[in-house]
Amino acid sequence: MIHCFQLNGFNLVMDVNSGAVHVLDNCSYDIVSRMDPSLEQMPDSLPQSIRQELSGVYPEQELDAVYAELL
């Protein structure tokens, strides 16, 4: 389980199970914070609903590259 939040201008994601805290760029944070929390693992490709929501904000190539890195 993860918890996404922003603090003092930083995009933070905490892995609750391990206690790890990650600092993410805006695109990575936008993707992670929109993932379905009921999923046990990330799907092989960026969900279409997230792609549609963020396609006007980030170029398609950036979304694919960021998702591949997150995966």
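Modeller: At 37% relative accessibility, Glu60 counts as partly exposed, where buried means under 20% relative accessible area, exposed over 50%, and partly exposed in between (1.4 Å probe, protein chains only). This is a predicted model, in which local features need pLDDT of at least 70 and side-chain atom pairs count only at pLDDT 80 or more, while totals for chains, interfaces and linings use all residues. Residues are numbered from 1 along each chain as its sequence is written, and side-chain values use heavy atoms, with hydrogens and water left out.

Glu60 forms a salt bridge with Arg51 (a side-chain nitrogen of Lys or Arg within 4 Å of a carboxyl oxygen of Asp or Glu), and their closest N and O atoms lie 2.7 Å apart. Arg51, in turn, is buried, at 15% relative accessibility. By this rule the model holds four salt bridges.

Between Arg34 and Asp30 the closest N and O atoms are 3.7 Å apart. These two residues are four apart in helix H1 (residues 26–34), and are therefore separated by about one helical turn; helices are DSSP runs of H or I, at least four residues, numbered from the N terminus. Asp30 is buried at 17%, whereas Arg34 is partly exposed at 31%.

Glu53 also pairs with Arg34, the closest N and O atoms being 2.8 Å apart. This pair links distant parts of the chain, 19 residues apart, with Glu53 in helix H2 (residues 48–54) and Arg34 in helix H1. Glu53 is partly exposed, with 47% relative accessibility.
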